[in-house]
Number of protein chains: 2
Amino acid sequence: MKIGILGYGNLGKGIESAIRQNPDMELSCILTRRDPKTIKPITKDVPVYSVNNIENLKDEIDVLVLCGGSATDLPSQTPEYVKYFNVIDSFDTHAKIPDHFSNVDKIAKENGHIALISCGWDPGMFSLLRLYGSAILPDGNDYTFWGKGVSQGHSDAIRRVNGVKNGKQYTIPVESALKSVRNGENPSLTTRQKHIRECFVVAEDGANLTQIENDIKTMPNYFNEYDTTVHFISEQEFNRDHTGIPHGGFVFRTGVTGFSKENKHVIEYSLKLDSNPEFTASVILAFTRAIYRLSLEGNTGCKTVFDIAPAYLSPLSGEDLRAKML
Amino acid sequence: MKIGILGYGNLGKGIESAIRQNPDMELSCILTRRDPKTIKPITKDVPVYSVNNIENLKDEIDVLVLCGGSATDLPSQTPEYVKYFNVIDSFDTHAKIPDHFSNVDKIAKENGHIALISCGWDPGMFSLLRLYGSAILPDGNDYTFWGKGVSQGHSDAIRRVNGVKNGKQYTIPVESALKSVRNGENPSLTTRQKHIRECFVVAEDGANLTQIENDIKTMPNYFNEYDTTVHFISEQEFNRDHTGIPHGGFVFRTGVTGFSKENKHVIEYSLKLDSNPEFTASVILAFTRAIYRLSLEGNTGCKTVFDIAPAYLSPLSGEDLRAKML
């Protein structure tokens, strides 16, 4: 299947790299809103086009992977480009998913295309595990923890503080909370009890470190509801230890069964990822395979990970899956 | 939906109990090969019938849950009863799944019914996690560990040893192997390096304990390829501590991404179950909901967990799932 990439940031590069690990896929082209000449793909000889003439590429692309951001790009891009292509996105503003879904669904159906929105690991694989867990153990509780990993939004917030030259924020689950959930204790956890926030800051020369630390720790929405630690480090240390984009997290479902609800069960799913965008890209490509197959079967409209039978994700046949993986 | 249970052992009782946790389901009847008068269901007023007149119950049952064993019951029961009903089973002889699938598929299609085979946690949820993991990280390795939990087959084997009055065997993953996999070290593990076997034995009065221990540890297929420990305990201690049927296990997918395969990722799924049959029953009921819905949409033939879009498992609507779980 021929894959197009729209947007050549971290996620777009992750898609480009992951296509090489999937022999049934090929990278057809990269699309950009920038001047195409400024994009230097790592894949040899892959064409880079402007989005302006995108409708001419209908025959070149089986599925277009939209690699823009959720805040301003995807709400308009996904409904726009599903007019011309089957599309997949990683829209992750949880509260706005229902609206995004209906916008995309309507236009996808009108144009005979298929779309899958909100793909990745959360929303995405974590959502699937929440669904499976709650369907299996209806008498139970869900817990989702994120980290240890880099929060881009919180790192941006640190860098806006007066006197900060560079900064990175790690979200870390509280170990005792994980332990309590894992033991089936069904704790009620406040925001502060679930995650801590660890910040690594390079200060400008002569900056007031006490003021920086205070500004970060008291910042509303971002830090004031958490136990936050701030470490001041040199630029050299920052560049050596804090340029990666690791992430991960945990989804638990705990519940009870039995005539007297006497038996406890704990389901735990966890991810430990060296590269958040590359793993997200890998999930997206598996679902790209699925929606391409569904489109060949005549399906149209907007889907989510909940609507995809797992067999569609794998390059193996049904026979092979039953023989080797069941 | 109206559920019938065929076979009233541990799994059948687990289904009976789990139906109470799913308000959209009701227990229609219990079917048995024994004299129906010998069965005393816990649910008040539920009828118990002989399997002999099962075809008269077509209007009473939307899905029949087959709770027999994989060795001799299910290979004949599932193809037989899919003539009259939609059915679901927990057939778990991995090597014989392809044959069982084609037997059931043919008869299900001829009779316009739907069947789902090999449901539970392994095969079942563990199979799903293997599929998702390998589709997401094609450059990687799978690891499945079982336990800590009771192996019925190994406990039976202990009880056949000369001088043994009662016995129970726990399969336990080797902690250092779990750790190595979790660290992304991609170890090659022998049978002995993956699991240990711990046995609790009540010896008959005057039995030769050295002979019992030796007979167990050298038993081919069951114990000789493992590090096995044997504890002799009193009948009282056995009845106090070893009557439960706990189980669980771990599925890992580890893999690499990136243009130089420089980034490692670890996906881990684990179960910690107080009651193996009750958890298995809970998984089966979620998939029972799914195949009932699929049958209402006109689907027929044999399915596995791989063929079921997750949304079908949940009592929530698509809108609710997208708003609350995605």
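This is a predicted model: local features need pLDDT of at least 70, side-chain atom pairs count only at pLDDT 80 or more; totals for chains, interfaces and linings use all residues.
**Figure 1. An open sheet of six strands, drawn from chains A and B.** The strands follow the order β7(A)-β12(A)-β13(A)-β13(B)-β12(B)-β7(B), with antiparallel pairing. The edges are formed by β7 (140-146) of chain A and β7 (140-146) of chain B; each has a single partner strand, so one side of each is left without a neighbour in the sheet. On average, neighbouring strands here are turned by 10° against each other, direction ignored. Helix α4 (residues 125-136) of chain A also packs on this sheet, where α4(A) touches β7, β12 and β13 of chain A together with β13 (263-273) of chain B. The direction of α4(A) makes about 5° with that of β12(A).

**Figure 2. The pairing of β12 and β13 within chain A.** Zoom in on the antiparallel pair made by strand β12 (residues 247-257) and strand β13 (residues 263-273) of chain A, and you can follow 11 bridges from one strand to the other.

**Figure 3. How the two copies are related.**

**Figure 4. Helices α1 and α10 of chain B cross at roughly 60°****.** The axes of helix α1 (residues 10-19) and helix α10 (residues 276-296) of chain B come within 8 Å. The two helices, α1(B) and α10(B), are therefore oblique to each other, and α1(B) passes α10(B) in a right-handed crossing. On the α1(B) side, the contact is made by N10(B), L11(B), G14(B), I15(B), A18(B) and I19(B). Facing them from α10(B) are P277(B), E278(B), T280(B), A281(B), S282(B), I284(B) and L285(B). By class, the residues of this contact between α1(B) and α10(B) are eight nonpolar, four polar and one charged.

**Figure 5. Helices α2 and α3 of chain B.** Here the axes of helix α2 (residues 74-81) and helix α3 (residues 97-110) of chain B come within 8 Å and cross at roughly 20°. That makes α2(B) roughly parallel to α3(B). The crossing of α2(B) and α3(B) is right-handed. To find the contact, look for L74(B), P75(B), T78(B) and P79(B) in α2(B), which meet H100(B), N103(B), V104(B) and I107(B) in α3(B). The contact of α2(B) with α3(B) has five nonpolar, three polar and no charged residues.

**Figure 6. Helices α2 and α3 of chain A.** In chain A, helix α2 (residues 74-81) and helix α3 (residues 97-110) have axes that come within 8 Å and cross at roughly 20°. The crossing of α2(A) and α3(A) is right-handed. From α2(A), L74(A), P75(A), T78(A) and P79(A) meet H100(A), N103(A), V104(A) and I107(A) of α3(A). The contact of α2(A) with α3(A) divides into five nonpolar, three polar and no charged residues.

**Figure 7. An open sheet of four strands in chain A.** Its order is β8-β9-β10-β11, and the pairing is mixed. At the edges stand β8 (149-150) and β11 (227-232) of chain A, each of which pairs on one side only. Two bridges join β8(A) to strand β9 (residues 164-173) of chain A in the antiparallel sense; V150(A) has Y170(A) as its bridge partner in β9(A). Helix α5 (residues 152-159) of chain A packs on the sheet, touching β8, β9 and β10 (195-203) of chain A, and the direction of α5(A) makes about 145° with that of β9(A). Helix α8 (residues 209-217) of chain A packs on the sheet too, touching β9, β10 and β11 of chain A. The direction of α8(A) makes about 150° with that of β11(A).

Notes. Residues are numbered from 1 along each chain as its sequence is written. Chains are lettered from A and ligands numbered from 1 in the order in which they are written. Side-chain values use heavy atoms; hydrogens and water are left out. Two strands pair if DSSP finds at least two bridges between them. Axes are lines fitted to C-alpha atoms, for helices over the stretch in contact, and angles run from 0 to 180 degrees between N-to-C directions. Contact means heavy atoms within 4.5 Å. Angles under 35 degrees count as roughly parallel, over 145 as roughly antiparallel, 65 to 115 as roughly perpendicular and the rest as oblique. A crossing is left-handed if the near helix is turned anticlockwise from the far one by less than a right angle, and right-handed if clockwise. Ala, Val, Leu, Ile, Met, Phe, Trp, Tyr, Cys and Pro count as nonpolar, Asp, Glu, Lys and Arg as charged, and the others, Gly among them, as polar.
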